[in-house]
Amino acid sequence: MRLQNKNAIVTGGAGGIGRATSLAFAAEGANVAVVDLNAEAAEAVAEEIRAAGGSAVAIGADVSSEADIERVVASVVDGFGGVDVVFNNAGIIRRTTAVETTVEEWDRVFGVNVRAIFLMCKHVVPIMAANGGGSIVNTGSGWGLKGGGQALSYCASKGAVVNMTRALAIDHGPQGIRVNSVNPGDVDTGMLRDEARQLGQDQAGFLAEAAERPLNRMGQPSEIAAAVVWLASDESSYVTGSALVVDGGGIA
């Protein structure tokens with residue numbers, strides 16, 4: 001098992017890519033803390049892991065809150081004994097232009113998509129460094145690399161994630177901490193379906209358009225999870241500061 005006895009935190013762990021990665025981490029032997037704003041949904045994922053013979057706890061938290069992040073990290077250290085892997089996956093999207101975006105929406109998107117990663121790293125890096133290292137994976141986006149329409153705050157936030165990842169990798173590589181981003185294209189999740197609602201578009205047509213890429217389909221959460229497992233594991237031991245694109249050829 002690639003993550004045997006590793007202690008992992010997954011934010012946004014209750015659904016979509018987060019749920020798939022929580023399950024994949026556990027299948028590879030990790031003790032998993034499933035962190036989500038929806039505590040009940042997080043508990044359902046943790047119970048699914050435990051029912052399969054794995055080790056997991058659920059923690060309800062607003063990842064944009066430093067107090068909540070401190071509580072999450074302390075809980076994981078107390079319960080598991082340390083933190084070896086973090087998947088900063090929690091994210092939201094608002095499908096609006098600059099003119100349509102409110103200041104409150106802008107701040108909330110950056111709070112969840114960017115501030116939360118900063119806060120998590122601020123509090124887990126000293127723990128990882130004291131234990132000889134670790135692996136942090138941040139969820140970026142293809143749109144964080146090339147931009148997209150009617151999603152200004154999301155594109156800006158994911159661009160920040162990609163470059164913040166590089167800066168973290170430079171700062172903390174000497175401590176044995178690797179930091180990478182995984183950058184999905186359109187993945188078959190509830191969040192993607194919600195985009196159709198935000199844009200007022202027919203869902204079937206929206207999803208058909210999302211599948212228009214060289215591989216001729218959307219991605220599945222398990223496919224992103226597989227990439228995250230690789231980045232979290234020692235198989236990628238010489239990879240840090242990278243922006244791994246997993247999008248079926250959409251930005252090629």
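Predicted model: local features only at pLDDT ≥ 70, side-chain atom pairs only at ≥ 80, totals over all residues.
Contact, in this talk, means heavy atoms within 4.5 Å. Good morning.

Ser233 sits in the loop that runs between helix α9 (221-232) and strand β7 (243-246). Is Ser233 buried or exposed? Its relative accessibility is 2%, so Ser233 counts as buried, given that buried means under 20%. Leaving aside residues up to four places away in sequence, Ser233 touches Arg2, Leu3 and Arg178. A polar atom of the Ser233 side chain also lies 3.1 Å from the backbone oxygen of Trp230.

Arg178 leads us to the second largest pocket. That pocket holds about 210 Å³ of space. Its lining has 16 residues, and those nearest the centre are Lys6, Gly134, Ser135, Arg178 and Asp234.

The structure contains one cavity of 30 Å³ or more, and the largest cavity has a volume of about 40 Å³. Which helix gives the most to the lining of the largest cavity? Helix α4, residues 103-130, does, with four residues. Among the lining residues are Thr11, Val63, Asn88 and Met120. Seven residues of this lining are nonpolar, three are polar and none is charged.

Finally, a word on annotation. An unreviewed UniProt entry lists residues 6-195 as "domain: Ketoreductase". In the model, the end C-alpha atoms of residues 6-195 lie 35 Å apart, and the span is 52% helix and 18% strand. Thank you for your attention.

Terms used:
Residues numbered from 1 in each chain as written. Heavy atoms only, no water. Helix = DSSP H or I, 4+ residues; strand = E, 2+ residues; numbered from the N terminus. Buried < 20%, exposed > 50% of the residue type's maximum accessible area, 1.4 Å probe, protein only. Polar contact = N/O pair within 3.5 Å; in protein donor to acceptor, adjacent residues only side chain to side chain. UniProt positions renumbered as here; feature names shortened; annotations may be inferred. 1 Å grid on protein atoms, 1.4 Å probe; cavity = no way out; pocket = protein on both sides within 12 Å on 5 of 7 lines; lining within 4 Å. Points joined across faces, edges and corners; volume = space filled by probe spheres on them. Nonpolar A, V, L, I, M, F, W, Y, C, P; charged D, E, K, R; others polar.
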